[in-house]
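Biologist: Please put the model up. I will ask, and you answer from the coordinates.

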Amino acid sequence: MNNLSALFDFWKQDPDTAPNFFAWRTTPARAAQTHPFPTDLPDALRAALSTRGIRSLYSHQLSAWTQTRAGKNIILATGTASGKTLSYNLPVLATMLQNSEARALYLFPTKALAQDQLSVISDQLSVLQKLITDHSSLVTGIYDGDTPQLHRPSIRKNARIILSNPDMLHTGILPHHANWAGFFTNLKFIIIDEAHTYRGVFGSHVANVIRRLKRVANFYGAKPQFILASATIGNPKELAEKLIEEEVELIDNDGSSRGERHFIIYNPPVTDAALGLRKSALLESVRLANHLLARDIQSVVFARTRRSVEIILTYLQGEAGIGKQVDKYTSTSVPMDEAKRNAQQELPITNYASRIRGYRSGYLPHQRREIEQGLRDGSVKTVVATNALELGIDIGGLGAAILVGYPGTIASARQQSGRAGRGDDPAVSVLVASPNPLDQFLAHHPEYFFGSSPEMALVNPNHLLILLEHLRCALFELPFQKGEGFGSISDELLDEYLEFLVANQESHFSDEKYYWMKDQYPAANISLRSASPQSFVLQATSDDGRPTTIGTVDGESAMWMIHPGAIYMHEAQQYFVQELNLENRVAQLVPVGLDYYTEAQRRSEIQVLSESAQAAVAGGLKVHGEIQVTTQVAGFRKIRWFTYETLGQEPLDLPPSELQTTGYWLSLSEETLAHLRDAGIWSNDPNDYGPDWQKIRVAVRKRDQFKCQVCGAAEADPSATLRAKQHDVHHKTPFRAFIQNGVVNREQANRLENLTTLCSSCHHKAEQNVRIRSGLGGLGFVLGNLAPLFLMCDPRDLGSFTDPAWSAVDGLPSVVLYDLIPAGIGFSQKLFEIHDELIQRAFELVNQCECEDGCPSCVGPGGENGVGGKAETLAILKELLS
């Protein structure tokens, strides 16, 4: 029995583990589908492959060869470790053997991945080079931000294969294309690896960088062929064709062999059924990782954040992990064999302590290379990583992968789980669900992992703000001939944008050409990761007292990420924001080590600017259109790590920010409201405290001597008639708790002993504690958390807004989901289109949740002593499905 089988037997019998397996899917081993080398494969390549023990091609590798040799652009969408690298290397190398001047550009989303692929390609070329004495050297080089200035001229001149990334292409190659004339003149292939990462804002930027790349190549007389490689997503062909704006052939006939694979969805046990609370996903992942270590199974633990990586490492390496537990067994008088068996039930032997490593951004390149090599040679048994290891970095095949929480997209989940699997050996992947509604939905609907991916990678290259930025870059690189075209933009629209730049004194029109006329270098100020044209610079003080820039934050995020008093995380270091200079767009930070983080409290108002589509749906109306979101960060909370205890709240006085974007909104109909009111389960109508409420308010404040009964703050002017200058009167037991079957018992609710005087700050805290989450609030919570599943976007790409009487739609109760990107990127339009499925899935999630009245896994929690509104949310969802 191998180690993995032994572990499975233990898990299935362990009472702390077995009940928490919500799904266990086993995929049987698969034999390779191979074919002889194609007849037109050059002899040198054939010999080189044979030298490496490769004597046939997988079916998808042969398809890639056939299509590329026919001059077609292709996208490979096959599984992890299926041999995609060889699929695109073969046609490139064959062309270079036949044309000694041919060049190729390989683009990877990260510098680390380019470094890794350089070693792979160099290894392949070292064999090939020995066999081709009659051809020029196949020089390969990396050209990115880490490339020493001294080496760059030589790489530009001599390298036939350049490995880079979109950011360097954007800022360091295209603006200086004259230095690359020889390379661009002979450019035959452009390889775009990990194409599924180019989505949303980043993908829209990259699509425009590719427009500029094709334009420069065309200037030098080249028309390169594209080969893209992607993880499995819902629309690989569509994404590829949007990125390069040419026809693309899809190759997804994966012919690689694969050992038996196990995919387990593990849902931590419930600790409080009424509140829907579960054990920590992080700590349960540590426990399962220890089981793997005890059985000498090499594994990777994927965490979503850099902080989580460090916490898991601390648990695995610290005395709460290895040493303490092993000492318990080895210090007893039992025989060593029995001690080892006992230790295997929980934790690994002591010498594993040095074989557990972390892997994330912030580590130095040589540390990353050392860890990668340790994984390949087996000296590192467990690596705890962010998604930096999700991409195609060669770390060999591991026996197991643990995903601490759903990584955000099914494509990422499959990429991460694909890290488990060494050739034809069996492997296991475990997704440990967090309390997040997405995780809980997937725990109860495992078919999303095992069927076709529901996700669509969305890009919008013609997004106005992004497009204008790249038109500036393109103008800097080469003048625009009138009527020249730029991607899929019509000539008329392009002329309109170029005339705008002329009017803005950024361009000059002469002799039927548009010229760049400003001194500045536009690409340097444009981040490919943001649609915001203006960013805030983050400055800290170095050890020698000099100011140093540690990063930037886009304009839209600045108010809530780097407000005064915020805790900002950068490369696992906490920084306290001392000052935010809005005029100079600079934040002053100080490194700290505190036991809390901060969470901004935002208030939003939304105006509808225009409607582009609307349709009647069950229970109401769905609309898609353009909106303006006005947001003000009014304060922030200090929250203790691990316990999530609120340590305090601070007010802020910051100007509001405005975002013009696109949104999808759902408004309930009057008929639906009537049904809910008749059933006595609609809690969003304004509270009617009765005709004597003002007299009661004065009596309570007078009884309490016009002082806050929590902090003691006195009213500035007790005789003031304006409510804004008076303290609040708070119901200790919420007013809505006295509503039964639609009838309110005001006499009981407004008893003096149920009322107390609070200042506005203490009132806000008390309301959080006894908050009654409305059904509409619950609907907004579940829809906002579930929507990213269908959009392949980060939850932070979407905003949500609920209003029980939204003035923009004649006072109807509404939920709005909107793109948190200026002018929108297409997310809200997609939600408008999939409205029916979104509502159905939301109902399933809430209905199947085991909590009594709302929890973080469904409609969101009420306050500590509040009411969650689960029943009301379910009633609304039923109306929307009827």
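Biologist: Start with Ala-713: is it buried, partly exposed or exposed?

Modeller: Keep in mind that this model is predicted. Buried requires under 20% relative accessible area and exposed requires over 50%. Ala-713 has 32%, so the residue is partly exposed.

Biologist: Where does Ala-713 lie, and which residues beyond four places in sequence is it in contact with?

Modeller: Ala-713 sits in the loop between helix 23 (693-703) and strand 31 (728-731). Neighbours within four places are left aside. The contacts of Ala-713 are then Phe-706, Lys-707, Cys-708 and His-727.

Biologist: How far apart in space are Ala-713 and Cys-762?

Modeller: In sequence, 49 residues separate Ala-713 from Cys-762. From C-alpha to C-alpha, the distance is 9.9 Å.

Biologist: Now the largest nonpolar core. Which helix gives it the largest share?

Modeller: This core has 50 residues. Leu-779, Leu-783, Leu-786, Leu-789, Phe-827 and Leu-831 have the most contacts inside it. Several elements each supply at least two residues, including strand 30 (657-668), helix 26 (775-791) and helix 29 (870-881). The largest share, nine residues, comes from helix 26.

Biologist: What does Leu-779 touch, leaving out residues up to four places away in sequence?

Modeller: Leu-779 is among the residues with the most contacts inside the core. With residues up to four places away left out, its partners are Leu-666, Val-815, Thr-873, Ile-876, Leu-877 and Leu-880.

Biologist: How many residues does the second, separate core have?

Modeller: Its members include Met-168, Ala-195, Val-206 and Val-248. The count for this second core is 41 residues.

Biologist: Take helix 11 next. How many of its residues are buried?

Modeller: Helix 11 covers residues 281-294 and has 14 residues. Its first and last C-alpha atoms are 20 Å apart, close to the 20 Å expected at 1.5 Å a residue. The helix is mostly covered, and the buried count is 12 of 14.

Biologist: Which residue's side-chain oxygen reaches the backbone nitrogen of Leu-282?

Modeller: Look at the start of helix 11. The oxygen comes to within 3.2 Å of that nitrogen, and it belongs to Ser-280.

Biologist: Is Asp-511 buried or exposed?

Modeller: Asp-511 lies in the loop between strand 20 (507-510) and strand 21 (513-516). Its phi is near 55°, a positive value in a residue other than glycine. With a relative accessible area of 69%, Asp-511 is exposed.

Biologist: Where does Ala-823 lie, and what is its phi?

Modeller: Ala-823 lies in the loop between strand 36 and helix 27. At 40% relative accessibility, Ala-823 counts as partly exposed. Its phi is positive, near 70°.

Technical notes: Residues are numbered from 1 along each chain as its sequence is written. This is a predicted model: local features need pLDDT of at least 70, side-chain atom pairs count only at pLDDT 80 or more; totals for chains, interfaces and linings use all residues. Side-chain values use heavy atoms; hydrogens and water are left out. A nonpolar core is a set of buried Ala, Val, Leu, Ile, Met, Phe, Trp, Tyr and Cys residues joined through side-chain atoms within 4.5 Å. Buried means under 20% relative accessible area, exposed over 50%, partly exposed in between (1.4 Å probe, protein chains only). Contact means heavy atoms within 4.5 Å. The expected span of a helix is 1.5 Å times one less than its number of residues. A polar contact is a pair of N or O atoms within 3.5 Å; within protein, one must be able to donate a hydrogen and the other to accept it, and residues adjacent in sequence count only if both atoms are side-chain atoms.
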